[in-house]
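Here is a short report for a first look at this model. Please keep the sequence and the 3D view at hand while reading.

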Amino acid sequence: MSKEPPATSSDTHERSEYVFRLNVAKLLEKTAAHGDTTGWKIYRRTGISESSVYRYLSGEAQPDLNSAMRLAEAYDLDIREVMERVAIEAAA
């Protein structure tokens with residue numbers, strides 16, 4: 001449980017809003033180190049549907065938590081290595 005006090009309406013105006021996005025370049029660097037240079041090979045190693053893998057790699061879609069964790073476990077990386085914080089304005 002977080003020990004931070006809940007955000008007040010004035011707090012939300014002072015900090016920027018953000019989302020987390022997959023850093024495809026970093027992911028591809030990690031997958032290539034394991035010999036997985038195609039979406040098909042990533043699908044085979046992770047069990048994430050091939051179409052979803054290709055959507056993630058093209059930037060059309062973002063992985064849900066389950067898929068992000070599958071990627072992290074399959075390639076022995078910390079999820080924070082491939083997910084980056086992006087300001088909502090930049091993500092739109």
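Which exposed residues does the face of H2 turned away from its buried side carry? They are Ala25, Glu29 and Ala33.

## Confidence

This is a predicted model. The protein chain has a mean pLDDT of 86. Of its residues, 80% reach 70 or more.

One stretch calls for care. Over residues 9-13, pLDDT stays under 50. For these residues the model has 3 contacts beyond four places in sequence.

Helix H2 spans residues 24-33. Its buried residues are Val24, Leu27 and Thr31. Seen down the axis of H2, these buried residues fall within an arc of 60°, so they line one face of the helix. In an α-helix, residues three or four places apart point the same way, because there are 3.6 residues a turn.

## Where H3 meets H5

Two packed helices are described by the angle between their axes and the distance between the axes. Helix H3 covers residues 39-46, and helix H5 covers residues 65-74. They pack at an angle of about 90°, with their axes 10 Å apart. That angle makes H3 roughly perpendicular to H5.

From H3, the residues in contact are Ile42, Arg45 and Thr46. They meet Arg70, Leu71 and Ala74 in H5. The residues of this contact divide into 3 nonpolar, 1 polar and 2 charged.

Conventions: Residues numbered from 1 in each chain as written. Predicted model: local features only at pLDDT ≥ 70, side-chain atom pairs only at ≥ 80, totals over all residues. Heavy atoms only, no water. pLDDT = per-residue confidence, 0-100. Contact = heavy atoms within 4.5 Å. Axes fitted to C-alpha atoms, helices over the stretch in contact; angles between N-to-C directions. Helix = DSSP H or I, 4+ residues; strand = E, 2+ residues; numbered from the N terminus. Parallel < 35°, antiparallel > 145°, perpendicular 65-115°, else oblique. Nonpolar A, V, L, I, M, F, W, Y, C, P; charged D, E, K, R; others polar. Buried < 20%, exposed > 50% of the residue type's maximum accessible area, 1.4 Å probe, protein only. Arc of directions from axis to C-beta.
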